[in-house]
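Please read this briefing alongside the sequence and the structure shown below. The points are grouped by topic.

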Amino acid sequence: MVFHALGDPMRFRIVEALRTGERAVNDLVDKVEIHQSGVSRHLRILQEAGLVQVRPEGQKRIYSLRPEPLRELNAWITSYRHFWEARLDRFAHALKQKQKRQLPDKKENSK
Amino acid sequence: MSGNQDRQRIKIEKTYKASINDVWHLWTTKDGIESWWGPDGFTTQVLKLNLRAGGTLRYLMTATGAAQAAFMKKAGMPLTTEGRISYTEVILHERLAYTHLADFIPGVEPYDVATTVEFFVEGEDVRMVLTFDAMHSEEWTQRAAMGHESQLGRLEKVLADVN
């Protein structure tokens with residue numbers, strides 16, 4: 001859901017525009033330079049994915065980012081990196097073992 | 001952080017003093033894969049390996065480390081689980097691509113991840129570049145293909161701000 005919502009470049013621009021703080025719809029339309037109906041549609045999808053929240057202010061609707069799903073995504077990315085770093089440590093070790101077996105005359109072959 | 005983070009998806013790069021034969025062997029043979037695939041505290045047993053685009057690798061992961069086995073028991077999970085990856089590209093000594101359901105990260109919903117491994121022979125070294133793309137929808141895949149792959153890199157920036 002989060003990936004789907006962010007997979008669209010226009011929605012991604014909206015999320016980027018909201019990084020610096022909350023914004024009214026008109027403000028976003030200026031910022032990302034697409035038609036208001038488009039922005040509204042994208043905002044609805046972002047809202048359904050839990051990425052943005054909205055509050056009324058007089059006539060205006062003010063949008064802001066919800067950090068939770070982004071944190072989750074960040075946790076995912078971080079876990080994935082850590083997972084692979086550990087796996088590649090084992091890869092390096094396995095490679096050394098393989099090289100040792102191929103060179104039985106090399107020193108320290110005491111396994 | 002250096003500027004090249006801008007254009008990355010999730011990317012990991014390693015250089016090994018090794019022959020391309022050895023490196024390729026570890027990625028593409030039963031005993032090679034079993035020697036490092038892991039994760040830590042788990043042994044891998046390759047059940048079936050069909051190394052070609054469209055082929056699959058099926059394997060069993062068994063918790064053998066004391067801590068890992070205890071954790072799995074406590075979490076009510078079986079000690080052995082099956083894993084599967086589907087190869088999408090196999091180019092001898094150059095490139096390996098596959099998709100895999102990443103369902104092993106605690107607390108995170110499973111995702112299809114497309115992994116590409118590129119091998120570059122540089123003198124006596126082999127440089128290995130791994131790229132990961134979490135693709136959940138057709139749309140994401142298409143956008144990525146259309147040259148929007150820098151989005152994940154930009155995403156990491158957004159995340160850095162939010163956190």
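Helices and strands here are DSSP runs, a helix having at least four residues and a strand at least two, and they are numbered from the N terminus. With those terms, the order of elements along chain A can be written as α-α-β-α-α-β-β-α. The model is predicted, and for the complex the predictor gives an ipTM of 0.73 and a pTM of 0.65.

- Chain A contains 5 helices and 3 strands.
- Of the 111 residues in chain A, 23% are buried.
- Taking the contacts in chain A between residues at least 6 apart in sequence, 48% join residues at least 24 apart.

**Chain B: helix H3**

- Helix H3 of chain B covers residues 66-74 and is hardly covered.
- Among the 9 residues of this helix in chain B, the count of buried residues is 0.
- After H3(B) comes B:Gly76, which has a positive phi, near 70°.

**Chain B: confidence**

- Chain B has a mean pLDDT of 76, and 69% of its residues reach 70 or more.
- In residues 1-8 of chain B the pLDDT is below 50, and this stretch has 7 contacts in the model beyond near neighbours in sequence.
- Residues 136-157 of chain B also have a pLDDT below 50; for this stretch the model shows 37 contacts beyond near neighbours in sequence.

Note on methods
Residues numbered from 1 in each chain as written. Chains lettered and ligands numbered in written order. Predicted model: local features only at pLDDT ≥ 70, side-chain atom pairs only at ≥ 80, totals over all residues. Buried ≥ 20, exposed ≤ 12 C-beta atoms within 10 Å, placed from the backbone. Contact = placed C-beta atoms within 7 Å. pLDDT = per-residue confidence, 0-100.
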